[in-house]
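Dear colleague,

Please find the structure below, followed by a summary of what was found in it.

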Amino acid sequence: MSAVVVLDYGSGNLRSAERALAAAGADVRVTDDLSAAAAADGLVVPGVGAYAACMAGIEALGAGPVIAERVAAGRPVLGICVGMQVLFEYGEEHGVVTKGLGLLPGGVTRLAATRLPHMGWNTVRASGTSVLFAGLSERSRFYFVHSYAVGDAAALAAAGATVTTAHHDVDFVAAVERGPLSAAQFHPEKSADTGAALLRNWLATLPSGG
């Protein structure tokens, strides 16, 4: 059973993520202990709300270097919702640009959609090489709640990432996989059986194999 830490930096749907990961087969712990975050088989970075607030929480905890060091060492990290967004170079909200962790190229901007937030179930278009979506039907639906997203899937693909997209008036990045780093704009912990299957796929990539 894989040891997974859900990082508690003051933001995120922590208990739902904890329950979903436990149901998927992980030995999961919610903590702000950076030593535990560094040592775990897998680290989950959650996030809800404003980009700037999430980055402030990460910086106050001093978690940025731990996340970066895990990725550099090839140790799995999964970002969820704003926890995905902060992995990029920046986020722009209400005309304010906040620096992100810079582990993935590009930035997070407001969706050019008529209805915001984008809230509810949506299908995604996954690459055939995706590990996260392996075995999932093209009709699989995931639960989204967001008004901001990464729009430049081509730049991510050019940087060697496996990119999954979704559509809400415009295309946007729904998930990304590059080396040990995986991230989802949607909430797998709120996505019923399809979310559980995705979490099991991620757990299977951990050193102890899920």
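Arg 29 is partly exposed at 43% relative accessibility, where buried means under 20% relative accessible area, exposed over 50% and partly exposed in between (1.4 Å probe, protein chains only). This is a predicted model, in which local features need pLDDT of at least 70 and side-chain atom pairs count only at pLDDT 80 or more, while totals for chains, interfaces and linings use all residues. Residues are numbered from 1 along each chain as its sequence is written, and side-chain values use heavy atoms, with hydrogens and water left out.

Salt bridges

Arg 29 forms a salt bridge with Asp 33, with the closest N and O atoms 3.9 Å apart; the term denotes a side-chain nitrogen of Lys or Arg within 4 Å of a carboxyl oxygen of Asp or Glu. Asp 33 is partly exposed at 32% relative accessibility. The count comes to three salt bridges. Another joins Asp 171 to Arg 125, the closest N and O atoms being 2.9 Å apart. That pair links distant parts of the chain, 46 residues apart, with Asp 171 in strand β12 and Arg 125 in the loop between β8 and β9; strands (E, at least two residues) and helices (H or I, at least four) are DSSP runs numbered from the N terminus. Arg 15 and Glu 18 also meet in a salt bridge (3.0 Å, N to O). These two residues are three apart in helix α1 (residues 14–23), and therefore separated by about one helical turn.

Aromatic pairs

Six aromatic pairs are counted. Rings of Phe, Tyr and Trp (its six-membered ring) pair if their centres lie within 6.5 Å, and planes under 30 degrees apart count as stacked, over 60 as edge-to-face and the rest as tilted. Trp 121 and Tyr 143 have ring centres 5.6 Å apart and planes at 70°, so the pair is edge-to-face. Trp 121 lies in strand β8 (residues 118–123) and Tyr 143 in strand β9 (residues 141–146), 22 residues apart. Phe 133 and Phe 142 are likewise edge-to-face, because their centres are 5.5 Å apart and their planes at 85°. Both Phe 133 and Phe 142 are buried.

Nonpolar core

The largest nonpolar core has 67 residues, of which Val 4, Leu 21, Leu 156, Phe 186 and Trp 202 touch the most other members. Such a core is a set of buried Ala, Val, Leu, Ile, Met, Phe, Trp, Tyr and Cys residues joined through side-chain atoms within 4.5 Å. Strand β12 (residues 170–178) gives the most to this core, with five residues.

Yours sincerely
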